Amino acid sequence: MGFKQVTLQDVIPLRHVVLRPGKDVETCYFEGDEVPTTRHFAWVEGDQVLSVATVMLSPKQIEGVKIPLQLRGMATDPHVSGQGIGSRFLQALHDELGSSWWCNAREVAVRFYERNGLTRIGEPFDIPGIGPHYVMVYKKTAGSE
């Protein structure tokens, strides 16, 4: 089946397992999740949701350019980690969005995002209770279509 748009409830279980293990499921709901312009996506094989992410309007000035879309809550099932599913999912997301976007990437995910076309911007910052993050940006260019 592959890449598809899904509901908020479809992304919560994987967010919980990967991004908020041991915390209350309520911590998996983000501000903006239910805004009409927010979209949730998943990589699905059979009836298994293997990777998820949410894209919301959250404009940020990066290197003098206003980037309107933010990627949040990207998570891939640990049972399929290293099999390329997260990369295929992210490539499909690039194609779906057709524009530049930004995210706050956990330090442990920086190399994954760099391999998939994103650039790290600035110094690390800490999100309390979660850890160090970097702002990263995917710049849509003529060569990335």
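Helices (H or I, at least four residues) and strands (E, at least two) are DSSP runs, numbered from the N terminus. The legends below describe a predicted model, in which local features need pLDDT of at least 70 and side-chain atom pairs count only at pLDDT 80 or more, while totals for chains, interfaces and linings use all residues. Residues are numbered from 1 along each chain as its sequence is written, and side-chain values use heavy atoms, with hydrogens and water left out.

**View 1. Histidine 94 in helix 2.** Histidine 94 is found in helix 2. Its relative accessible area is 2%, so histidine 94 is buried (buried means under 20% relative accessible area, exposed over 50%, partly exposed in between; 1.4 Å probe, protein chains only). Not counting residues up to four places away in sequence, histidine 94 touches Trp101, Asn116, Leu118 and Tyr138 (contact means heavy atoms within 4.5 Å). Helix 2 itself lies across strand 1, strand 2, strand 3, strand 4, strand 5, strand 6 and strand 7, and runs at about 140° to strand 2 (axes are lines fitted to C-alpha atoms, for helices over the stretch in contact, and angles run from 0 to 180 degrees between N-to-C directions).

**View 2. The largest nonpolar core and Tyr113.** A nonpolar core is a set of buried Ala, Val, Leu, Ile, Met, Phe, Trp, Tyr and Cys residues joined through side-chain atoms within 4.5 Å. The largest one has 26 residues, of which Leu71, Leu90, Trp101 and Tyr113 touch the most other members. At least two residues each come from strand 2 (39-45), strand 3 (48-62), strand 4 (65-76), helix 2 (85-97), strand 5 (101-106), helix 3 (110-115) and strand 7 (131-138). Helix 2 gives the most to this core, six residues. Tyrosine 113 touches Leu71, Met74, Leu90, Cys103, Ala105, Leu118 and Met136, leaving out residues up to four places away in sequence. A second, separate core has 11 residues, including Val11, Ile12, Leu19 and Ala75.

**View 3. Helix 1 against the sheet.** Helix 1 (residues 8-19) lies across strand 1, strand 2, strand 3, strand 4 and strand 5, at about 90° to strand 3. Leu8, Val11, Ile12, Leu14, Arg15 and Leu19 of helix 1 are buried. The cover over these buried residues includes strand 1, strand 2, strand 3, strand 4 and strand 5.

View 4. Seven strands form an open sheet in the order 1-2-3-4-5-7-6, with mixed pairing (two strands pair if DSSP finds at least two bridges between them). Strand 1 (2-6) and strand 6 (118-127) stand at the edges with a single partner strand each, so one side of each has no neighbour in the sheet. From one strand to the next, the twist averages 30°.

View 5. Strand 2 and strand 3 are antiparallel, paired over seven bridges, and alanine 42 stands opposite valine 52 in strand 3. The hairpin of strand 2 and strand 3 has two residues between the strands, and glycine 46 there takes a positive phi near 65°. Strand 3 and strand 4 also run antiparallel, joined by nine bridges; the partner of threonine 54 in strand 4 is arginine 72. Glutamate 63 is found in the loop between strand 3 and strand 4 and has a positive phi of about 50° although it is not a glycine. Most residues other than glycine have a negative phi. At 56% relative accessibility, glutamate 63 counts as exposed.

View 6. Strand 6 and strand 7 run antiparallel and are joined by seven bridges. Arginine 120 stands opposite methionine 136 in strand 7, and isoleucine 127 has glycine 131 as its bridge partner in strand 7. Three residues lie between the strands of this hairpin, where glycine 129 takes a positive phi near 85°.

**View 7. The largest pocket.** On a 1 Å grid over the protein atoms alone, a pocket is an open set of points where a 1.4 Å probe fits, with protein on both sides within 12 Å along at least five of seven lines; lining residues have an atom within 4 Å of a point. The largest pocket holds about 780 Å³ of space, the volume being the space filled by probe spheres set on the points, which are joined across faces, edges and corners. Its lining has 33 residues, of which Leu19, Met74, Ala75, Ala109 and Tyr113 lie nearest the centre. Helix 1, strand 4, helix 2, strand 5 and helix 3 are the elements that give two or more residues to this lining, and strand 4 gives the most, seven.
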